[in-house]
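Take a look at the aromatic side chains in this protein. The paragraphs below follow how their rings pair up.

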Amino acid sequence: MLRIRVLRHVESDNDLVILQQVEEIAQKQFPLASDAEISRVSERLKQPLTDEFFPLLFVVEGFDGQVSAYCSVLMFPPLKLAHIEYISTAPNRPGGGLGGLLYERVRDECKALGCHALMLECLPDEPGASRDDATLKINQQRLKFYEHFGARPLINTGYEIPANIGDDIGAFIVMDPLDSSYRLPQEAAKKYLSAFLSYKYPQDCPPEIIQTVIEGIKDDPIEMRAPRYYKKPAKAALPVSVNVPKYAMVIADKHEIHHVRDRGYVEAPVRISKIRDELHKTTLFTELPIGHTSESHITAVHSKDYFNYLKKICLSLPENKSVYPQIFPIRNRTRPPKDLAMQAGYYCIDTFTPLNRNAYLAARSAVDCTLTAANAVLDKYPMAYSLVRPPGHHAERSAFGGFCYFNSSAIAANYFSQYGKVAVIDIDFHHGNGTQDIFLNRKDVFTVSIHGNPVSNYPFFTGFADEVGEDEGKGFNLNIPLPDTLTPEQYRTHLKRAITAIKKFSPQYFVIAMGLDTAKSDPTGSWALMPDDFFKNGAMLAELKLPTLIVQEGGYRTKTLGQNARRFFEGYHSVK
């Protein structure tokens, strides 16, 4: 699992360890940068800068504290601009999508801080402007990446003239208007470039060079280069007959309050809007209002001690205060400390999932959404979708973790079980340890999970093939751990096996814990499913022709998240 932290200044010894890792990445990824330039990223966080700039450092951490990517940003409050100085993944870091995830997180932060635009410097993609073809290709790929977000080079500034930066090649200043219509006024451009060049290139850009750049700015506002890489319209989706809303959808309305900015996560609010916006392009769903449900549905699945603890500590915390587990009582669980914060380790499986006021409120709302959707299925909708966050499938009977607090999928399955047998399939990249733990001893709920091998993937301690259930539940839990690399065709072979087992169980109700982190380039997974693969997976699951509830779990590559969800449901709908 990953999280994205935002460092504004150094607060602890752990921050110093993070900074050391960032410097090591920079030394390997930017060999032409001097030691002074690299160390400047750390030094800025240790002591204040000028009034013109203040630093932000975004770091992507794994569960083991290892930094896998970082981005250093300079904020320029006088003009409400931000500038990316360095952005890089660690060398030989497996899996794609991390750079895009990090850049989107930086964009979100800049928007939240009221920035007009995000600026960065890029080497040119013009033929003849690079030392060799290999460098030109890299520059073109980089500018294509940024153009996808609406970022394009500023033109007619004189900045790209080589003499401006004391080198034999020029550079572009690229501007990302952050999904707005903002254009950089001439006066703001002069102030920004003067301050930036003085700071970034104090040796190579004496005042006379800076003055030359400033005098070369003629346009007002500054023009952006025409799009170069995304002129063609997006490939049309395969036609699907979606004339009349057939399914119900319930969308979480309180999820956005759960957003810890200082210690950010890939589990961010934008995930919901990306999926919602794509599904609104279809006419597949009728959106239902959220109903309030009793806490008894939660305590039927989670222990009362756990529920009461989670509710008590979260609601006792002040706004913007988070508690992370620190002590894990492997020796004596009979004498818990009186301090609520110190009890967190009694109820958590990792160190990455915070407790705060909004975590409880958002998780409680997710349960309301999911049970509202479950009632829609009982009311004869053939399928209902609960679009919620935080996810829930890692939450066990008496423990939270993996960004999960209440196991909405399991709560709904238990709710359905009073009306007949229930099958639950978890298609998230990570094992549904919480759902397995909750139903491990039961034979009326058949649990299936297709996931990355726990030898090398979160949660690491469950999800093995020999975990088949216990006592009355023996034989009613099926784990299908798969290798870190496999083809979509191989994945569907295992999905077919899971479907065959579900058919044999003959359930009356079906719950799909839908994770979209099986997608290509998802930063938390290693598989490579494409949008049309999700279409096929949706169609395969629809062949069961059961009253079905689908609950959103993981999926963190926001660039394709909405499209993958839409294709899944279009595939589901294609089965008549």
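**Aromatic rings and their partners**

Tyr 405 is buried, at a relative accessible area of 1%. Buried means under 20% relative accessible area, exposed means over 50%, and partly exposed lies in between (1.4 Å probe, protein chains only). Phe 400 is also buried, at 0% relative accessibility.

This is a predicted model: local features need pLDDT of at least 70, side-chain atom pairs count only at pLDDT 80 or more, and totals for chains, interfaces and linings use all residues. Residues are numbered from 1 along each chain as its sequence is written, and side-chain values use heavy atoms, with hydrogens and water left out.

Rings of Phe, Tyr and Trp (its six-membered ring) pair if their centres lie within 6.5 Å; planes under 30 degrees apart count as stacked, over 60 as edge-to-face and the rest as tilted. That rule gives 29 aromatic pairs. Phe 400 and Tyr 405 are stacked, because their ring centres are 5.9 Å apart and their planes meet at 20°.

Phe 476 and Phe 505 pair edge-to-face, with 6.0 Å between centres and 70° between planes. Phe 476 sits in the loop between β12 (445–452) and β13 (477–482), and Phe 505 in helix α13 (residues 488–505), so the pair ties together parts 29 residues apart in sequence. Helices (H or I, at least four residues) and strands (E, at least two) are DSSP runs, numbered from the N terminus. Phe 476 is partly exposed at 24%, whereas Phe 505 is buried at 8%.

One aromatic cluster is formed by Tyr 247, Phe 285, Tyr 385, Phe 568, Phe 569 and Tyr 572.
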